[in-house]
Amino acid sequence: MAESEDFISVQTVYCTGRMASIDLNLISGRSIQQGVAIESGKEKPSYRTAAGIIELDPSDLKKLGVWKNTNVRVTSEHGSVIVKAIETTQGPHPGVAFIPMGPWANSIVNPNTYSTGMPTFKGTKVKVEGAPNEPVLLGIELVQKQCGVKIG
Amino acid sequence: MTTTVTDVICPFCGTLCDDIAVVISDDGKQLLEVYNACVIGTEKFLHSQSKDRVVRPRLRQEDGTWKEISYDEAAEYTAQMLASAKKPLMYGWSSTNCEAQSVGHEIAEVCGACVDNTAAVCHGTTLIAVQDIGLPSCTLGEVKNRADRIIFWGCNPAHAHPRHMSRYSIFPRGFFTNKGQMTRKMVVIDPRTTDTAKMADIHLQIEQGKDYELLNAFRIALKGEWLPEVVAGIPSEKIREAADILKSGRFGIIFFGMGVTQSLGKNHNIDEAIALTKDLNDYTKFSIMPMRGHYNVTGSGEVMAWQFGYPYAVDLTRGFARYNPGDTSSIDLLARKEVDAVFVIGSDPGAHFPIRCVKEIAKVPSVCIDPHLTPTSGVSKLHVPVAFNGVETGGNCYRMDNVPIDCRKVVEPPEGMLTDEQFLMKVRDRLKQLKGEA
């Protein structure tokens, strides 16, 4: 019953174009999949699969009203990035979102070091909203695009 | 016939596993199989064998395409860039050996650069705290043989240091810990139920960013004094229960990671963690150790401290070494748009710096020395591929407990490929000529 209700709410959201958005506390860090992907080549799609994601608590996914494995836009006051929302593998952690360390997380983390030399990689306030039609870029592509690097 | 080489060192994380076995082909040119390493270490060894590797330096052209150039031309470009820059940043160092770091520091002295390693985005705040109040630490061998109380605070070794628990901290049977994990109590403090937390005897799911408060509450609980009902999302009775477990051990250790160093509070969180360790020594023997990430970030800190007096964020632009995190650290230098050339070796700031800083790297002349294709090589003007340290060349590295271990060369690099150290020597010699010092 609960699932069919979910389904209806998702249909409503997409049909009416109304997108729910939720506010979360973002942390980034290592995952073993990200570790394997960086060693096997950051130019490959496997890097995007491992780190171009946001891990959300099932309750937050429900509030957001999107299916798991849907692309979402994550925005902070420092930037915005498209990643794929997946159900957390290391939960529960309601209210907290996790993007593995990498260019996707670093597009939105708080760069302020408060005079310590260390950016605030953990604890960035973000807004997450569904973006099912937007693509998640490859790692190197994402950085080059944001830096305006001309590629031949 | 193939040959199996044993006792190989894994060049991935700070655990620096020294029991890897690799199978190499008859001619010694190909690495075929890897035993004992974790999934990340295995991938690191095997990826060095990939056929699509870049084997010659490449210079980015006006139209954005790459042009292959020789190592001599690449050294010339690098030396010219460093010689003409007013405030070059030389960043990275953590995925290369101490010998190469030492040559790099010579270059930095000649051209008056800012030198920084990956502690900048990892355990830099730990180093500040250690300078504040010291670090009662030990070696991983002592942990294996003695420790019966293990705390993982804001770290997730199941993902970041995959063999740490099996080699040193939780599972091994040591001299005084002869029943392995049965001897040990494991406490994990993490805002997520991480795969490490799932194994713990006690998991305190702390409210993110409240590490200082909880560490402070632990110190109060040890003394048996008044606590609020809930601290950092944890009920006080849970804190007292965990504190009693820590006190009752014979030898305890706090391992801490990015959860403490990168959350707000930064170095003050670690100050408090070290103070907790000091307090625990009133009841039993306790140590504390940072979970260092790159396999030789500790080595870079050692070499930098030995040669310049400071472990990271060293500014040599005035002809002597200055150290002032927040001022001389790479993130701040880039964010303030102060550097006019960037030299990156053995790390990937393109992927691991906030994008605002990466944009600055893309704007100025830049050289990236890395065997892989990375976001850093993607925004750099010159990409110099080099031999994989720890696979295709040996050299000295430091484990997370400051124990130096010599990495081993197991296969030949692709023909004509230089190591970090060889390339840096070329740059150094040319730079000295340009500066009239040779």
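**Close-up views of a predicted two-chain model**

Figure 1. B:Lys198 is located in the loop between strand 9 (185–189) and strand 10 (202–204) of chain B; strands (E, at least two residues) and helices (H or I, at least four residues) are DSSP runs, numbered from the N terminus. Residues are numbered from 1 along each chain as its sequence is written, and chains are lettered from A and ligands numbered from 1 in the order in which they are written. Because this is a predicted model, local features need pLDDT of at least 70 and side-chain atom pairs count only at pLDDT 80 or more, whereas totals for chains, interfaces and linings use all residues. B:Lys198 is exposed, with 11 other C-beta atoms within 10 Å. A residue counts as exposed if 12 or fewer other C-beta atoms, placed from the backbone, lie within 10 Å of its own, as buried if there are 20 or more, and as partly exposed in between. The C-alpha atoms of B:Lys198 and B:Val188 are 8.9 Å apart, although 10 residues separate them along the chain.

**Figure 2. Helix 3 (residues 98–111) of chain B.** Of the 14 residues of this helix, 10 are buried, so the helix is largely enclosed by the rest of the structure. Among them are B:Cys98, B:Gly104, B:His105 and B:Cys111. B:Gly112 follows the helix and has a positive phi, near 65 degrees.

**Figure 3. The contact between chain A and chain B.** In this view, 48 residues of chain A are in contact with 57 residues of chain B; contact requires C-beta atoms, placed from the backbone, within 7 Å. Helix 6 of chain A gives the most to the side of chain A that touches chain B, namely 6 residues. That side comprises 19 nonpolar, 23 polar and 6 charged residues. Ala, Val, Leu, Ile, Met, Phe, Trp, Tyr, Cys and Pro count as nonpolar, Asp, Glu, Lys and Arg as charged, and the others, Gly among them, as polar.

**Figure 4. Helix 6 of chain A against helix 15 (residues 355–363) of chain B.** The two helices pack at an angle of about 70 degrees, with their axes 9 Å apart. This makes helix 6 of chain A roughly perpendicular (65 to 115 degrees) to helix 15 of chain B. A:Val143, A:Gln146 and A:Cys147 meet B:Ile355, B:Val358, B:Lys359 and B:Ala362.

Note on methods. Two residues are in contact if their C-beta atoms, placed from the backbone, lie within 7 Å. Axes are lines fitted to C-alpha atoms, for helices over the stretch in contact, and angles run from 0 to 180 degrees between N-to-C directions. Angles under 35 degrees count as roughly parallel, over 145 as roughly antiparallel, 65 to 115 as roughly perpendicular and the rest as oblique. The expected span of a helix is 1.5 Å times one less than its number of residues.
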